[in-house]
Amino acid sequence: EDVWTAGIDFASLKALTHINPELEKYQYGKSRLVEWRSAHGELLHGAVLLPAGYVEGRRYPMIVHVYGGVGISRQIFHFGMQGWKTDNFQLLATRGYAVFLPDAPLRVGTPMEDLANTVLTGVNKLIELGIADPDRIGVWGHSYGGYSTIALLVQTTRFKAGVMGAGLADLIAGYGEMGPGGESGAIGWSEQGQGRMAGTPWEFRDRYIENSPIFYLDRVQTPLLIVPGSRDTAVPSERAE
């Protein structure tokens with residue numbers, strides 16, 4: 001990121017820094033916003049990073065980067081559409097891939113179903129627009145995005161491959177997890193936080209089961225790379241095992 005100055009009307013722009021001039025010799029993918037409707041008719045948005053040298057009307061292999069419950073399309077103007085400074089998607093765009101970051105709003109009690117109803121309809125839109133090759137689409141997510149990845153793979157055969165980074169597939173096992181000091185942050189996460197269960201496993205047993213991909217692994221036909229971190233304290237590697 002460079003530093004610029006401007007007048008209050010933003011008419012007189014002046015660059016004060018030029019940190020990475022060596023990057024200017026490369027051709028990068030350009031981003032655009034797309035919109036579609038979920039399976040329930042809700043208007044949704046997503047950011048698409050087109051391959052470098054993109055030709056309108058030509059279909060490209062596409063990677064879908066998922067993270068349920070977050071409006072990740074807001075990353076559209078970040079360099080490489082990075083949200084956490086770790087995944088620079090220009091690494092894919094400069095190698096001929098389109099990258100799709102779909103917004104996926106989730107409700108309490110039905111996150112797994114909601115992921116399918118929002119993300120898969122967005123993928124269909126990218127195919128309809130002539131950007132994505134329907135036979136060359138992969139899915140990738142990290143942390144809750146890892147959960148989002150495996151949650152999709154137990155519901156669809158759309159993707160040719162998937163990557164689950166630091167993900168989880170069993171909400172019940174996660175609920176009972178304790179840290180070295182006896183703390184259990186997963187209880188709040190499961191009941192009122194990102195887990196969206198709104199209560200305990202004994203209050204909502206069926207809800208925990210229906211939203212845990214581990215109970216549906218027999219449906220998976222997609223090759224999946226599982227990437228855990230042995231020192232990860234947020235999503236311990238035991239979840240991957």
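Let's start with phenylalanine 100, which, leaving out residues up to four places away in sequence, touches Val34, Trp36, Gly46, Ala47, Val48, Met62, Ile63, Val64, His65, Gly122, Val123 and Leu126. Keep in mind that this is a predicted model. Phe100 is also among the residues with the most contacts inside the largest nonpolar core, along with Met62, Val64, Val123 and Phe159. That core has 56 residues, and helix H2 supplies its largest share, eight residues. As a rule, nonpolar side chains in soluble globular proteins tend to be buried together.

Now for the sheet. Seven strands make up an open sheet with mixed pairing, in the order E3-E4-E6-E5-E7-E8-E9. Strand E3 (31-37) and strand E9 (224-227) sit at the edges with a single partner strand each, so one side of each has no neighbour in the sheet. From one strand to the next, the twist averages 25°.

Zooming in on one pair, strand E7 (residues 132-142) and strand E8 (residues 161-165) run parallel and are joined by five bridges. One detail to look up: glycine 138 has alanine 161 in E8 as its bridge partner. Helix H3 (residues 144-153) packs on the sheet here, touching E7, E8 and E9, and its direction makes about 140° with that of E7.

Helix H2 (residues 111-128) lies across E3, strand E4 (43-49), strand E5 (60-65), strand E6 (98-102) and E7. Relative to E3, H2 runs at about 120°.

You'll find Asp87 in the loop between E5 and helix H1 (90-93). Leaving out residues up to four places away in sequence, Asp87 touches His65, Gly80, Gln82 and Trp140. Aspartate 87 and histidine 65 are 22 residues apart in sequence, with their C-alpha atoms 9.9 Å apart.

On to charged pairs: the model has six salt bridges, including these:

| Glutamate 56 | Arginine 32 | 3.4 Å |

Arg32 is partly exposed at 30% relative accessibility, while Glu56 is exposed at 56%. As for the last pair, Asp206 is partly exposed at 47% and Arg205 is exposed at 57%.

Note on methods: Residues are numbered from 1 along each chain as its sequence is written. This is a predicted model: local features need pLDDT of at least 70, side-chain atom pairs count only at pLDDT 80 or more; totals for chains, interfaces and linings use all residues. Side-chain values use heavy atoms; hydrogens and water are left out. Two strands pair if DSSP finds at least two bridges between them. Helices (H or I, at least four residues) and strands (E, at least two) are DSSP runs, numbered from the N terminus. Axes are lines fitted to C-alpha atoms, for helices over the stretch in contact, and angles run from 0 to 180 degrees between N-to-C directions. Contact means heavy atoms within 4.5 Å. A nonpolar core is a set of buried Ala, Val, Leu, Ile, Met, Phe, Trp, Tyr and Cys residues joined through side-chain atoms within 4.5 Å. Buried means under 20% relative accessible area, exposed over 50%, partly exposed in between (1.4 Å probe, protein chains only). A salt bridge is a side-chain nitrogen of Lys or Arg within 4 Å of a carboxyl oxygen of Asp or Glu.
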